[in-house]
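Trainee: I would like a close look at a single part of this protein. Could you take me through one residue and its surroundings with some care?

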Amino acid sequence: MWRRVTSVSHLTFAHKSTVNKNACTFKCWESFTTEIPRKEKTTYQRAKTPFITFVLGGPGSGKGTQCMKIVENFGFTHLSAGELLRREIASNSADGIMILNTIKEGKIVPSELTIKLIQKEMELSDNYKFLIDGFPRSEDNRKAFEQIFGAEPDVVLFFDCPEDEMVKRVLNRNQGRVDDNIDTIKKRLKVFTALNLPVVNHYLEKGKLYKINGVGTVDEIYKQVHPVFSSFHFEKCCVVD
């Protein structure tokens, strides 16, 4: 089981971050360790460094479907920001009510709340490879993530898909979601274009972005995705003993 520890250093990913190195001094960050009993004392050993992939794309761009294939072939843990938010809504908590009203208005949920939900799932996981689907959705999201984690993602996938195709897919999926109606879809796409594309451009400039053509069959699209992860020589098994 992954556990939290207090550290005076940064959580570092495969690629070095340019985040202010003093931001996390004497701060409790989400480190990943395995607990090992030895001579009736508890000691800790650092596990593999977390490998984080952001998966970006508008509603209906197909990113969720492709995440399922990445999980199947490379053993990642899939964390859908949207699903985590919907789960919180279903809990009828105060945060859930606020999230519901925000989504209905086609706005972005506060960064700190989404990150808190993501962190919780990461802490509960035995994996070190994570797909964070649908986050960050804005520059505020991105900056908050990098400040809280003290690091950048290793890889960023961006599923580029025409608006009319995304609208058609969302309407056809008929999942009974509060945000799957034509008016809300249009609001979401407008918000996505305004807020998410600066994030895409930021990681493009960083050399971390992989642009995927989101039009085609599932297998055709996955042919573009597979080489991104095969280049890292991941093993499918990902549970730490």
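**K63 and its surroundings**

Mentor: Leaving aside its neighbours within four places in sequence, K63 is in contact with V55, L56, G57, G58, D133, G134 and F159, where contact means heavy atoms within 4.5 Å. This is a predicted model, in which local features need pLDDT of at least 70 and side-chain atom pairs count only at pLDDT 80 or more, while totals for chains, interfaces and linings use all residues. Residues are numbered from 1 along each chain as its sequence is written, and side-chain values use heavy atoms, with hydrogens and water left out.

K63 belongs to helix α1, helices being DSSP runs of H or I with at least four residues and strands runs of E with at least two, numbered from the N terminus. The side chain of K63 reaches the backbone oxygen of G57 at 3.1 Å, and G57 is also among the residues listed in contact with K63. With a relative accessible area of 13%, K63 is buried, a word that stands for under 20% relative accessible area, as exposed does for over 50% and partly exposed for the range in between (1.4 Å probe, protein chains only).

G62 lies in the loop between β3 (51–57) and α1 (63–74), and with 25% relative accessibility G62 counts as partly exposed.

Terms used
Polar contact = N/O pair within 3.5 Å; in protein donor to acceptor, adjacent residues only side chain to side chain.
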